[in-house]
Amino acid sequence: MSPTYFFKNLNSNTMGSVLEFYKPDAIFVDPMGEVKGAKNIQAYYAYQYKNAEKISWTTEPEIIQGKIHILIWTMHLTASSLNGGKAFDVQGMSRFIIEEDGKASFHQDYFDVGAFVYEKVPVLKNIIFFVKDRMKKGLHEQEAANK
């Protein structure tokens, strides 16, 4: 099963496909942490999907080089606990090692955790935007000084 097919069909009713996609001893890594074992990965996904009203994926064509599959994606998410319950998108990329049996032995996600979580929580959002604004001002001041 390709990563594209897996994610486009993953939802709270298809959690059994996690065990079909990953090897029993697979490793999953994302900015939130590391999960070992297909059953634990399944539990991780089930928790994520349980806390969301809606999750869907838009993907670009997979890049494949031997066992390595790269998937560039946009996750479309609606969760009452994030962004005031309003839908938002998170862009990211995943790297998979797909073994000869077609199952993933390794999966790592790359995305901006701030855009995904921290900027969607009201108290943290204000702090992060304040820090980003200060950094932008510092960058502009440095650019002006270099002219």
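**Exercise 1.** Which residues does Ser 105 touch, not counting residues up to four places away in sequence?

*Solution.* Keep in mind that this is a predicted model. Start by placing the residue: Ser 105 lies in strand β7. Next, look around it, leaving out residues up to four places away in sequence: Ser 105 touches Lys 23, Ala 26, Ile 27, Ile 97 and Glu 99.

**Exercise 2.** Decide whether Ser 105 counts as buried or exposed.

*Solution.* The cut-off you need is that buried means under 20% relative accessible area. Ser 105 has 18% relative accessibility, so it counts as buried.

**Exercise 3.** Work out which strands pair with β1, and in which sense.

*Solution.* Begin with β7, residues 104-111: this strand and β1, residues 22-30, pair in the parallel sense over four bridges. For an example, take Val 29, whose bridge partner in β7 is Gln 108. Now turn to β2, residues 33-36, which runs antiparallel to β1 and is joined to it by four bridges. Here Asp 30 stands opposite Gly 33 of β2. With two residues between them, β1 and β2 make a hairpin.

**Exercise 4.** Check how the span of helix α3 compares with what its 13 residues should give.

*Solution.* Helix α3 covers residues 38-50. At 1.5 Å a residue it should span 18 Å. Its end C-alpha atoms are 18 Å apart, so the two values agree.

**Exercise 5.** Find out where the buried residues of α3 sit around the helix, and what they pack against.

*Solution.* First list them: Ala 38, Ile 41, Gln 42, Tyr 45 and Tyr 49 are the buried residues of α3. Seen down the helix axis, they fall within an arc of 100°, so they line one face of α3. Then check the other side, where Lys 39, Tyr 47 and Lys 50 are exposed. Finally, see what the buried residues meet: they pack against α1, α2, β1, β2, β3 and β7.

**Exercise 6.** How many helices and strands does the protein chain have, and what pattern do they follow?

*Solution.* Count each kind: the protein chain has five helices and seven strands. Then read along the sequence, and the pattern comes out as α-α-β-β-α-β-β-β-β-β-α-α.

Technical notes: Residues are numbered from 1 along each chain as its sequence is written. This is a predicted model: local features need pLDDT of at least 70, side-chain atom pairs count only at pLDDT 80 or more; totals for chains, interfaces and linings use all residues. Side-chain values use heavy atoms; hydrogens and water are left out. Two strands pair if DSSP finds at least two bridges between them. Buried means under 20% relative accessible area, exposed over 50%, partly exposed in between (1.4 Å probe, protein chains only). Contact means heavy atoms within 4.5 Å. The expected span of a helix is 1.5 Å times one less than its number of residues. The arc is that of the directions from the helix axis to the C-beta atoms.
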